[in-house]
Amino acid sequence: MRRKLAAGNWKMNGISAGLTELQSLAATHADADVDILICPPATLLHRAAEIAQDTSIRIGGQDCHANAAGAHTGDISAQMLGDAGATAVIVGHSERREDHDERNEDVRAKAKAAIDAGLTAVICLGESLAQREAANTLDIIAGQMSGSIPDLATGENVVIAYEPIWAIGTGKVPTLEQIGEVHDFIRARLERRFGEGVGRSVRLLYGGSVKPGNAADIFAVPNVDGALVGGASLKAADFSPIISALETS
Ligand code: PEP
């Protein structure tokens, strides 16, 4: 049985005042039936982890460096994230792939660094609009999976987030059939590469314009084990009904 996961990616949003949203979320979901992960900006990690202590919420980073330490000004290692209280880190988000020219091999190295540091790597995959329109979605996903997921992946140390780039922050969402097709494809490939045990234990999140109004339908799609949520994770009033929809799915 895969435990469901509602993950929130605050991106480059949030200063100290925003932590009240986390407090509110923790109070509303004190006995959550699903895992809840909030990934605030690095500047808030430590305080967020303090707030989340002894609650059902876990805290994650949004990126990490592939090396454990060294001369990399401005970067943060997975070990540092763990030291600040994170238990997970997002790697390979499309905004990192685009803004920082991160390639599959970079994402794989970061995921490995995260796992080595004891964190869960939330590995993001997803096609562009042009790739979908050219009917290349499954080939792109296959390439990203081979290139970005390290060989040591298990259901405990890796989560996969399918995030079509054209759906992120746009209000556009794939059809439920399209989501189901990609999630089934990812599941089948995981089982083929890692065997049925590991392949069936890795959680698959959908990400891209998940809102309170569409969450329940998306969570009813087979092989969707939760969501990675951007904009709607910033306010407890928006994220809370998404968590509740996941709990009842
Ligand atoms: C994301 O950035 O991972 C994301 C899914 O964003 P949004 O929910 O705002 O589309």
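Predicted model: local features only at pLDDT ≥ 70, side-chain atom pairs only at ≥ 80, totals over all residues.

Tutor: Let's start with Arg-200 and Glu-191, whose side chains meet in a salt bridge, 3.4 Å from N to O. Arg-200 has a relative accessible area of 43%, and Glu-191 has 22% relative accessibility. Buried means under 20% and exposed means over 50%, so anything in between is partly exposed. That's why Arg-200 counts as partly exposed, and Glu-191 does too.

Salt bridges can also share partners: Asp-63, Arg-96, Glu-102 and Lys-110 are joined that way into one network. Zoom in on Arg-96 and Asp-63, which form a salt bridge with their closest N and O atoms 3.1 Å apart. This pair links distant parts of the chain, 33 residues apart: Arg-96 sits in helix H4, while Asp-63 is in the loop between strand S3 (57-61) and helix H3 (78-84). Asp-63 comes in at 16% relative accessibility, so it counts as buried.

Now for Asp-225 and Arg-2, another salt bridge, with the closest N and O atoms 3.0 Å apart. Here the partners are 223 residues apart: Asp-225 belongs to the loop between helix H10 (215-219) and strand S8 (226-229), and Arg-2 to the segment before strand S1 (5-9). Asp-225 is buried, at 5% relative accessibility, whereas Arg-2 is partly exposed at 24%.

And the whole count? It comes to 17 salt bridges. As for what lies behind such contacts, side chains of opposite charge can pair when their charged atoms come close.

Technical notes:
Residues numbered from 1 in each chain as written. Heavy atoms only, no water. Salt bridge = Lys/Arg side-chain N within 4 Å of Asp/Glu carboxyl O. Helix = DSSP H or I, 4+ residues; strand = E, 2+ residues; numbered from the N terminus. Buried < 20%, exposed > 50% of the residue type's maximum accessible area, 1.4 Å probe, protein only.
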